[in-house]
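Hi,

Here is the structure I promised to pass on to you.

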Amino acid sequence: MIVHYRKAYLLLLLIFIFTGCLTDAGEDYKTIITTAKDIATLTTNVDLSRYPKVKDTTDFPIIAWLGVPPKYTNIERFREAKDAGITINYSAYPNADSVQKALDIAKQVGMKILIRCPELESNTLSTVKKFKDHPANAGYFIKDEPTLYDLPYLKKIIQTITSIDDQHLWYVNLYPNHAFNLGMPNYQEYVRQFVEELSLEVISFDFYPILNGNNIRYGWYKNLEIIRDESRDTGKPFWAFALATSHGDYPIPTLEHLRLQVYSNLAYGAKGIQYYTYWTYNSLNFQYYSGPIEKDGSRTLVYNHLKKMNSEINALKHIFLSGEVKNVSHYGSQIPDGVKRLAALPDYVKSLEIRCNTALISEIENDSNRFLMIQNNDLHSPIEVTIKVDSLTKIVLKNGSIIPFSLINQPFKIESGDMVLFMR
């Protein structure tokens, strides 16, 4: 995220230096060698037209952080973002007129705008009145990575906004557990205080877990555990991030990187995915490069990865939006700190064996079905899954097709970052 104060930046830099080399699992990874095929290969000859698909539903929130910049606000660029699966554009607009232009274009292409401009602070009442009824209004950007010292001001501006418009989101994004102001006893208290005092409608936090060398930064899954607990306890949904632009010790994102971040977030119950950044950012603190859209406006390979990732989210969005995560656990010899090891299987699963260093298991339910997600959260190796299920269990393919698992009924592999979703 963008940290505007020198002291805060220095604090974050020191924390990064001391924690950047720590990972959520040891580095003694064993190489998993398997002759098993992946689900896509095993279903190549299946006539999918014979089987139902996951039903369509309202848009899943997919946010471009630092999306289409103000000077590129035109219908072609917004269509490009829409084609990549973006549903909400967030940019810092220089004035209310540029927000109006973006809102009008977003409406034309079926997107929304998270509103941020100087007038939202300097003339809050009239700015909210101006935009509150616009159909492309996704809400109001209030603050990124606040500290306790920000609370009085944030409460005041939110009260002002809600006195005029209590129908739209007021957006505050919280620090991750490795880089937050230490004025609170612990990270959980930090999250809880902001959620309670600001009556946040959505809990948003940023954590970029993948470091150079394909190592998972220490504390990511512990952070997800805390956010999921707070979301469940308060009944407030949470939005999480995936890093889409390289900078510092963060590598150029691959499809495997995006899948690992997005599917882990969804496995914990995220109801929105945010990409940092969509447009490659000009920063004084870091050299950003190879975002989905480069600084000069050209597309990169990451744009294609982003589009592919979002097509997978959208094919399954009804499950992720309607489902409630009932249990999250981890499997293998390299499970992260602060999580639960798999202790029991759902009753429709007769047996499960995974050849892996680490895997993530999520149990999800909605009004109609139960789901089991198995994710390979090891960026070093594929995993091999042998599972026995009852005759009513199905598998949900990446395009949303729902087929009986009996059509496969053999061990299969899951590549790094990817997942397989069962339905009962």
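**Serine 322 and its surroundings**

Setting aside neighbours within four places in sequence, serine 322 is in contact (heavy atoms within 4.5 Å) with Lys271, Glu365 and Asn366. Before going on, a word on the source: this is a predicted model, in which local features need pLDDT of at least 70 and side-chain atom pairs count only at pLDDT 80 or more, while totals for chains, interfaces and linings use all residues. Residues are numbered from 1 along each chain as its sequence is written, and side-chain values use heavy atoms, with hydrogens and water left out.

Serine 322 sits in helix 12 (residues 317–322); helices (H or I, at least four residues) and strands (E, at least two) are DSSP runs, numbered from the N terminus. With 32% relative accessibility, serine 322 is partly exposed (buried is under 20% relative accessible area, exposed over 50%, partly exposed in between, with a 1.4 Å probe and protein chains only). Its side chain has a polar contact of 3.1 Å with the side chain of asparagine 366, and also reaches the backbone oxygen of histidine 318 at 2.6 Å. A polar contact is a pair of N or O atoms within 3.5 Å; within protein, one must be able to donate a hydrogen and the other to accept it, and residues adjacent in sequence count only if both atoms are side-chain atoms.

**Helix 6**

Which residues of helix 6 are buried? In this helix (residues 124–131), they are Thr124, Thr127, Val128 and Phe131. Looking down the axis, you'd see these buried residues fall within an arc of 95 degrees (taken from the directions from the helix axis to the C-beta atoms), so they line one face of the helix. Among the elements covering them are helix 4 (96–109) and helix 7 (151–164).

**Aromatic rings**

The whole structure holds 22 aromatic pairs. Rings of Phe, Tyr and Trp (its six-membered ring) pair if their centres lie within 6.5 Å; planes under 30 degrees apart count as stacked, over 60 as edge-to-face and the rest as tilted. Take phenylalanine 405 and phenylalanine 422: their centres are 5.2 Å apart and their planes at 65 degrees, so the pair is edge-to-face. Phenylalanine 405 lies in the loop between strand 17 (402–404) and strand 18 (412–414), and phenylalanine 422, 17 residues apart from it, is in strand 19 (residues 419–423). Phenylalanine 405 is buried at 2% relative accessible area, and phenylalanine 422 is buried at 0%.

Enjoy exploring!
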